[in-house]
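Here is a short briefing for a reader new to this structure. Please look over the sequence and the model before reading on.

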Amino acid sequence: NILAMQGIQPELRRAFGKIGSLAIPFGTPANAATAKVELAAADLAIMAVDDTVTFADVTLTKAAAAGDAAWDDADELAGLLGAIPGWDAANDNGKVTITGATRGAWGNGYEATITVLEATTAGGDDAGGKAAATIAKAIIDQLAVGDTVEFAGEVFTMATDDSLEHNEFKDQAGLIACLDGLTDWTAEDSSGAVAIEAADDSSELNGVKVIVTLKRVTAGGVDGTPGFQGAVC
């Protein structure tokens, strides 16, 4: 039956006739590549206890000690991510790389999100003290296109250009403009950080959270070159 396969090369037929059997190697398509995404050491460094990493519908929480779905260093995070079916992960000096367990374009487009509770407004006292919060420079430095800053019921997205109409900003100045445009709040540069302050001293403006989400997406997966009739692959 093997010898009768359509398109089998004459050399293979002769080999079968001489030795009776032929070991055909198991190979992978040419030029195939695995999809991957990197969580930079600087991305992970801005995280605190209770912040989360979510990937492939699995949420992993930074904690004071490791546990089920909980981690407190890059090695433990890599171990938990590598346990997700279909994926491997490794730590390299604080940078965690998630890689598809098999090669191919199937692994492209999976989003790894790092969600950070950056600050909560406080200080409003109805007696002159105004609620305030600060987005640290370290956070601002890690923002990339597609990342978001959520505050006071609004979500602002980093983009290639500023657009107050669409809640989009391209840099720190654009984010300040977005926040400063909110009815109850002002914002300004503070040595590279963003200082947010309430427009009045109402204590009701305490407790407003600043949530920053970094989004990193798998890419680079390539399906191999298809085999052709008669090829051993």
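Which residue in β3 does Thr-52 stand opposite? Thr-52 stands opposite Thr-61. The model shown is a predicted one.

- β2 and β3 are antiparallel partners, joined over four bridges.
- The two strands make a hairpin, with two residues between them.
- Ala-56 sits in the turn of that hairpin and has a positive phi of about 50°.
- β3 also pairs with β4, a strand of residues 70-71. This pairing is parallel and runs over two bridges.
- Thr-61 has Ala-70 as its bridge partner in β4. Thr-61 is also the residue that stands opposite Thr-52.
- As a general point, the strands of a sheet pair through backbone hydrogen bonds, in either the parallel or the antiparallel sense.

**The sheet of β8, β13 and β12**

- Three strands form an open sheet in the order β8-β13-β12, and their pairing is antiparallel.
- β8 (132-135) and β12 (185-190) are the edge strands. Each has a single partner strand, so one side of each has no neighbour in the sheet.
- From one strand to the next, the twist averages 20°.
- β8 pairs with β13 (residues 193-198) over four bridges, in the antiparallel sense.
- Within that pairing, Ala-133 has Ile-196 of β13 as its bridge partner.
- Helix α5 (residues 172-180) lies across β8, β12 and β13. The helix runs at about 160° to β12.

**Two loop residues with positive phi**

- Asp-57 is not a glycine, yet its phi is positive, near 65°.
- Asp-57 belongs to the loop between β2 (52-55) and β3 (58-62).
- Asp-57 has 80% relative accessibility, so it counts as exposed.
- Ala-152 is not a glycine either, and its phi is positive at about 55°.
- Ala-152 lies in the loop between β9 (148-151) and β10 (154-158).
- Ala-152 counts as partly exposed because its relative accessibility is 37%.

**Salt bridges**

- The count comes to four salt bridges.
- Side chains of opposite charge can pair when their charged atoms come close.
- Lys-95 pairs with Glu-38, with the closest N and O atoms 3.6 Å apart. This pair links distant parts of the chain, 57 residues apart. Lys-95 is in strand β6 (residues 95-100), and Glu-38 is in strand β1 (residues 36-39).
- Lys-95 is partly exposed, at a relative accessible area of 25%. Glu-38 is also partly exposed, at 38% relative accessibility.
- Lys-137 and Asp-141 form a salt bridge at 2.8 Å, N to O. Both lie in helix α4 (residues 137-142), four residues apart, or about one turn of the helix.
- Lys-137 is partly exposed, with a relative accessible area of 42%. Asp-141 is partly exposed at 47% relative accessibility.

- Arg-216 and Asp-147 form a salt bridge, their closest N and O atoms being 3.1 Å apart.
- Arg-216 is in strand β14 (residues 209-217), while Asp-147 is in the loop between α4 and β9. The pair joins distant parts of the chain, 69 residues apart.
- Are these two partners buried or exposed? Both Arg-216 and Asp-147 are buried.
- Asp-43, Asp-147 and Arg-216 belong to one network, joined by salt bridges that share partners.

Terms used:
Residues numbered from 1 in each chain as written. Predicted model: local features only at pLDDT ≥ 70, side-chain atom pairs only at ≥ 80, totals over all residues. Heavy atoms only, no water. Pairing = 2+ DSSP bridges. Axes fitted to C-alpha atoms, helices over the stretch in contact; angles between N-to-C directions. Contact = heavy atoms within 4.5 Å. Buried < 20%, exposed > 50% of the residue type's maximum accessible area, 1.4 Å probe, protein only. Salt bridge = Lys/Arg side-chain N within 4 Å of Asp/Glu carboxyl O.
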